[in-house]
Amino acid sequence: MEINPQAGRHAEIRAAVRELCRGFDSAYWQKLEAERAYPEAFVAALTRAGWLAALIPEAYGGGGLSLEEASVVLEEINRSGANSGACHAQMYIMGALLRHGSEAQKQRYLPALARGELRLQSFAVTEPSTGTDTASTRTLATREGDRYLISGQKVWTSRLEHTDLMLLLARTTPREQVAKRGQGLSIFLVELPPASQWAEAGLAARPIRNMVGHETFEVFFDRFAVPAENLVGAEGQGLRCILDGMNAERILIAAECVGDGFWFLDRARAYASERRVFDRPIGQNQGVQFPIARAYANLLAADLMRYDAAARFDRAQACGPAANLAKLLAADASWEAANVCLQTHGGFGFAAEFDIERKFRETRLYQVAPVSTNLILAHLAEHVLGLPRSY
Ligand SMILES: Cc1cc2nc3c(=O)[nH]c(=O)nc-3n(C[C@H](O)[C@H](O)[C@H](O)COP(=O)(O)OP(=O)(O)OC[C@H]3O[C@@H](n4cnc5c(N)ncnc54)[C@H](O)[C@@H]3O)c2cc1C
């Protein structure tokens, strides 16, 4: 029984993504978890099928899909029990290149990305000492002739060993020379050398073992050279370029959360119907079924907000509040569904073979990254409700 009332939207995309994901079953994800390995075969299959090039315009060899359609791809990946976190950045980051890249940069990178010959999976924004306060970025990019020399440190740079390109935010004008701390930042599309040449190039990385088995690193730059032609957009406008991409990112994350939410609810209702205790299915008890029904109601409401935000984005209308609302509500709904699913399974929810504890950890991340719930609330409070800026 299909419980998603929106299942008829983009049914062909859903069916194709589900079919691909069927090839990567629970045993595949459990083996990766045990080995703490990256899902290379899964990401390669998505790339071959063209799904990671969904947002690249057809003129550059991509899928030319709308944001709503691309969001359905990520939703279905997560609903299948897989994790978009292994590859979603390629969709998130693409926007910066599409909107702010020069024609020469687009010609150079987009067709190769669309063909799957290049990967754009890393996004180096967060720094250890500044965290959420992106405007205070310290990593420096100093112009020297026809190149910039990057020095500084990033943290939580994900998929570094599984990408060819990295989008990097760095300061091109020292903090003391700008009126506002968000000024003087720039973004670069960095071509990473092979790992064997990192030390010589002034690049070092240390993996961060973490709760979601996410491949992520601390990265150190020491006069790491980037050609000046790899500056994306105007020098000093980097923060604006990053902020520009946030609405799309939030809508895509909301869709991933919705996919997780349906996965948890499918599992919860199936188990609640099958599991018999005290001579009846546990789902016959209102104490078990009401939390499932409530989580379902909240998930459907969040999903409507996600479609509203995606439609606004695709019509090129202002969608900041809608995108933020969609991300907030969907992350809360998937987390509620995760808790309900775990509770419904009792002790078995903790057993790795049920996949619930893995998905539970994975969906929890969306309360923190790529943007934390508090920062979304701060956005709504300030920009929608007119309250004083809190940070
Ligand atoms: C698995 C994982 C993968 C990641 N991948 C990437 C990546 O690929 N690239 C990248 O650049 N980053 C990545 N991140 C980083 C992520 O975006 C940050 O963790 C996130 O933005 C929060 O920053 P922080 O961890 O420094 O928290 P902090 O900024 O230290 O904040 C800590 C807590 O305080 C709250 N807080 C801070 N200031 C305020 C305020 N003014 N008002 C209210 N609450 C506040 C925050 O909401 C948060 O809950 C990843 C993180 C994780 C965990």
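Reply: A term is needed before the helices: a crossing is called left-handed if the near helix is turned anticlockwise from the far one by less than a right angle, and right-handed if clockwise. Please also keep in mind that this is a predicted model.

Me: Which residues in helix 11 and helix 12 meet?
Reply: On the side of helix 11 they are Ser 334, Trp 335, Ala 338, Cys 341 and Leu 342, and these meet Ile 356, Lys 359, Phe 360, Thr 363 and Arg 364 in helix 12. Sorted by class, that contact has 6 nonpolar, 2 polar and 2 charged residues.

Me: What about helix 9 and helix 10, at what angle do they pack?
Reply: Helix 9, residues 246-274, and helix 10, residues 286-314, pack at an angle of about 155°, and their axes are 9 Å apart. The two are therefore roughly antiparallel to each other, and helix 9 passes helix 10 in a left-handed crossing. By class, their contact has 18 nonpolar, 3 polar and 3 charged residues. Among the residues of helix 9 in this contact are Ala 248, Ile 251 and Phe 262, while those of helix 10 include Ile 292, Leu 299 and Phe 313.

Me: Changing topic: how many residues surround the ligand, and which are the closest?
Reply: There are 24 residues around the ligand, and the closest are Gly 131, Thr 132, Trp 156, Ser 372 and Asn 374. Strand 1 (120-124), strand 3 (147-158) and helix 13 (373-384) are the elements that give two or more residues to this shell.

Me: How do the residues of that shell divide into nonpolar, polar and charged?
Reply: The shell around the ligand has 13 nonpolar and 11 polar residues, and no charged ones.

Me: Where does Phe 278 lie, and what is its phi?
Reply: Phe 278 lies in the loop between strand 9 (276-277) and strand 10 (280-281), and it has a positive phi of about 55° although it is not a glycine. Phe 278 is exposed, with 8 other C-beta atoms within 10 Å.

Me: Which residues does a cis peptide bond join?
Reply: A cis peptide bond joins Ala 369 and Pro 370, with omega at about -5°, and Pro 370 sits in the loop between helix 12 and helix 13.

Me: Last one: which residues is Gly 95 in contact with, leaving aside its neighbours within four places in sequence?
Reply: With those neighbours set aside, Gly 95 is in contact with Gly 245 and Ala 248. Gly 95 is located in helix 5, residues 89-100, and it is buried, with 20 other C-beta atoms within 10 Å.

Note on methods. Residues are numbered from 1 along each chain as its sequence is written. This is a predicted model: local features need pLDDT of at least 70, side-chain atom pairs count only at pLDDT 80 or more; totals for chains, interfaces and linings use all residues. Two residues are in contact if their C-beta atoms, placed from the backbone, lie within 7 Å. Helices (H or I, at least four residues) and strands (E, at least two) are DSSP runs, numbered from the N terminus. Ala, Val, Leu, Ile, Met, Phe, Trp, Tyr, Cys and Pro count as nonpolar, Asp, Glu, Lys and Arg as charged, and the others, Gly among them, as polar. A residue is near a molecule or strand if its C-beta atom, placed from the backbone, lies within 6 Å of it. Axes are lines fitted to C-alpha atoms, for helices over the stretch in contact, and angles run from 0 to 180 degrees between N-to-C directions. Angles under 35 degrees count as roughly parallel, over 145 as roughly antiparallel, 65 to 115 as roughly perpendicular and the rest as oblique. A residue is buried if 20 or more other C-beta atoms lie within 10 Å of its own, exposed if 12 or fewer, and partly exposed in between; C-beta atoms are placed from the backbone.
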